[in-house]
Amino acid sequence: MRMEAEATKTSMAHFVMQDAINSLLKTGQVDVEANTVYDASGMQAARFSARSHSSSIKMSDQITLISTIDSEGHVKTRMDGRAGQHDVTSGLLYFVPEGVHQEYEFDGTTRNTLITLDTTLVQRVKEDNPEFRSAPTDDPRMAFRNPRLARKMAALIELAARQDMGWRSMTEACNTQIAVELMKSLCNAVERAVKPLTRTELSAVRDFVQDNLEENIGLEEVSALLQRDIFGFGRSFKSATGMTFHQYLTQMRVDQARRLLTETAMPLVEIAYACGFSSQAHLTTVVGRHLGLTPGTIRQQAQA
């Protein structure tokens, strides 16, 4: 049996979650637990159980997050025509952007938490945090794990279920936490899939840094050297070296300072500027943090 919950006429602007669930309820294949559909500012939440079924749903202006609680089975999916399949177990998460046509053929039993998030909230979190700007929020992500995100979703529905005084306002803060945790998951997935810099590219970066160590080197200059965008370069660099470019640059400066301290008689203030530190005090602080010794002590030990 096939269940349809998709808007097919332009006059029907969108389906909210309650409409979609009600459509599934008519078939008897999905059971919403008593009193567990909640509406608050920018959010809807529900807990539901499902048996073997097929479904077709489209949420045109809300993001959907699903967390499996007690689940065992297998599902075939099509997201805007892109097919996939996997085993369904407890503790999985599903992220579906707005406007994606979701089709499922599920065989088994499952109990889930489902929430929707307003797209403007997710976009605001993404824009306010530069580290999240690479998050692929336009692509569905199926069957991933993030226990922190699952716990926050459970906390949200418990908050809605209690309906303590002011619960609707409190859900806004909870929604923001969920959006932040979601962005982390999406960014981590990108980082794992990132292609590391090649040896040739790493060599070019090392030579550029070494030749310009006294300058204020930033990601803009180095990424331009390899004709990469800033965020793409940063991810590829960390994938290749295990450290951020800033950490690498600092390590290069500390190594050069140690060489100058042990092999030359340059004054400390000149060494600081030659290695790109803003002052002698800055040199002392950073070298001490990395090597456990002051520049003066390093020089004295080398001369002993």
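Predicted model: local features only at pLDDT ≥ 70, side-chain atom pairs only at ≥ 80, totals over all residues.
How many disulfides does a search of the whole structure find? The count is zero.

## Cysteines

A disulfide is a covalent bond between the sulfur atoms of two cysteines. The search turns up none here. Cys174 is buried, at a relative accessible area of 11%. Cys275 is buried too, at 0%. Both calls follow because buried means under 20% relative accessible area.

Strand S8 covers residues 101-118. Of its 18 residues, 13 are buried, so the strand is mostly covered. In a regular strand the side chains alternate between the two faces of the sheet.

S8 pairs with strand S3, residues 43-50. The sense is antiparallel, and the pairing runs over eight bridges. Within it, Arg47 stands opposite Thr113 of S8.

Strand S4, residues 53-58, also pairs with S8. Again the sense is antiparallel, here over six bridges. His53 has Phe106 of S8 as its bridge partner.

Strand S5 spans residues 62-79. It is joined to S8 by 17 bridges, and the two strands run antiparallel. Ile63 stands opposite Leu117 in S8.

## Salt bridges

Side chains of opposite charge can pair when their charged atoms come close. How many salt bridges does a search of the whole structure find? It finds seven.

| Arg111 | Asp70 | 3.7 Å |

Take Arg111 and Asp70, whose closest N and O atoms are 3.7 Å apart. This pair links distant parts of the chain: Arg111 lies in strand S8 and Asp70 in strand S5, 41 residues apart. Arg111 is partly exposed, with a relative accessible area of 25%. Asp70 is partly exposed as well, at 48%. Both values lie between the 20% and 50% cut-offs, which is why neither residue counts as buried or exposed.

Asp164 is partly exposed, at 38% relative accessibility.

An α-helix has 3.6 residues a turn, so residues three or four places apart point the same way. Arg258 is partly exposed, at 38% relative accessibility. Elsewhere, salt bridges with shared partners join Arg148, Glu181 and Lys184 into one network.

## Helix H3

Does the length of H3 agree or disagree with the span its residues should give? H3 holds 16 residues, 147-162. At 1.5 Å a residue, the helix should span 22 Å. Its end C-alpha atoms are 22 Å apart, so the two values agree.

At the start of H3, a side-chain oxygen of Asn146 comes to within 3.1 Å of the backbone nitrogen of Arg148. Just after the helix, Gln163 takes a positive phi of about 50 degrees. The buried residues of H3 are Leu149, Ala150, Lys152, Met153, Leu156, Ile157, Leu159 and Ala160. That list includes a lysine, Lys152.

## Aromatic pairs

The aromatic count comes to five pairs. In one of them, the rings of Phe233 and Phe245 have centres 6.0 Å apart. Their planes lie at 65 degrees, so the pair is edge-to-face. This pair links distant parts of the chain: Phe233 is in helix H7, residues 230-241, and Phe245 is in helix H8, 12 residues apart. Phe233 is buried, at 0% relative accessibility. Phe245 is buried as well, at 6%.

Phe237 and Phe245 make another edge-to-face pair, 5.6 Å centre to centre with 80 degrees between the planes. Phe237 is buried, with a relative accessible area of 1%.

Which residues do ring pairs link into a cluster? They are Phe233, Phe237, Phe245 and Tyr248.

How values were computed: Residues numbered from 1 in each chain as written. Heavy atoms only, no water. Helix = DSSP H or I, 4+ residues; strand = E, 2+ residues; numbered from the N terminus. Expected span 1.5 Å × (residues − 1). Buried < 20%, exposed > 50% of the residue type's maximum accessible area, 1.4 Å probe, protein only. Polar contact = N/O pair within 3.5 Å; in protein donor to acceptor, adjacent residues only side chain to side chain. Pairing = 2+ DSSP bridges. Salt bridge = Lys/Arg side-chain N within 4 Å of Asp/Glu carboxyl O. Disulfide = S-S within 2.5 Å. Phe/Tyr/Trp six-rings, centres within 6.5 Å; stacked < 30°, edge-to-face > 60°.
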